Amino acid sequence: MNTKPPQLGRASAAFALAAAIACVFNTALAWARDAYAPLNNLMASLTGNPWITHCLADCVVFAGLGLIFRKTWAANKIGPNHLVSILIWAVAAASLGLFAWFLLF
Amino acid sequence: MNITSRDIILLGHAAFGSLAGLAALWVFVETLNARAESAGRIYKAALIAAISMGAAWLLGGYWYVDFYPADKAIILKGPWPLAHSLFMETKEHLVFITGILAFYLPIAVRDKIYTNAAARKMVLSVAALIVLTGLAVEGAGAIVNHGATVALQRANGTGAR
């Protein structure tokens, strides 16, 4: 009888953790851009619009970390239920963090 | 009737965003009772969600960069400046979170969700988060639109009570 608890696949776990980190990174970058004009200007100079650079940075973080975690099996060391919780809390915190930032500042 | 490319881009953005949300809802419902026979359908729905979200991003991004600055100036002079300073600012960054989740969904559904409870829980969570954040983004879009409408009504002297 197989008593091993179900695990997420290698890619699924890797990109779930990458998605959680990318969501938090997205909010942190939005805060940093809004609070520090030189960063916003630098990002604008890279692609012509800071929002486009922001979008590309998020994609690079998600894809890059996902590939790294997939190669190193790093995310599979975290239990699947824990990984689901990390993703849900990361999305909730990142989303509310954006709303609160633009409400307060 | 004069339909401009600006109109098509904006409506296409909203349509693809809604389609992505509906596809994610489809994935959620199918996953609740996932079977081996439904795995292919779930994968197709997840792909539709990801591709639609990509299209919504491209169209919305083009519109935001090229056309929105004029609307922004109008909104900020109107009676609902929060439509830009709170709702558009939040929406333009929250949409990245919805997009990342939508791009992850086809990867998550590749696990055998009909036999693997952990994978099923992950897919249900991601699909639900896409729907919830997508609804928030759609709602914010409606508020931005209304912010521009009331600003134009005030400028034209109509709509005031």
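Predicted model: local features only at pLDDT ≥ 70, side-chain atom pairs only at ≥ 80, totals over all residues.
Residues are numbered from 1 along each chain as its sequence is written, with chains lettered from A and ligands numbered from 1 in the order in which they are written.

In chain B, helix α1 (residues 5-32) packs against helix α5 (residues 117-156) at an angle of about 150°, and their axes are 9 Å apart. Helices here are DSSP runs of H or I with at least four residues, numbered from the N terminus. Axes are lines fitted to C-alpha atoms over the stretch in contact, and angles run from 0 to 180 degrees between N-to-C directions. α1(B) and α5(B) are therefore roughly antiparallel, a term for angles over 145 degrees. Residues in contact, whose C-beta atoms, placed from the backbone, lie within 7 Å, include B:G17 and B:G21 of α1(B) and B:A127 and B:G134 of α5(B).

The 40 residues of α5(B) should span 58 Å at 1.5 Å a residue, and its end C-alpha atoms are 58 Å apart, which agrees. The expected span is 1.5 Å times one less than the number of residues. Just after α5(B), B:G157 has a positive phi of about 75°.

In chain A, A:G66 lies in helix α3 (residues 50-72). A:G66 is buried, with 24 other C-beta atoms within 10 Å; the cut-off for buried is 20 or more. Beyond its neighbours within four places in sequence, A:G66 is in contact with A:A14, A:F15 and A:A18.

How values were computed: Helix = DSSP H or I, 4+ residues; strand = E, 2+ residues; numbered from the N terminus. Parallel < 35°, antiparallel > 145°, perpendicular 65-115°, else oblique. Contact = placed C-beta atoms within 7 Å. Buried ≥ 20, exposed ≤ 12 C-beta atoms within 10 Å, placed from the backbone.
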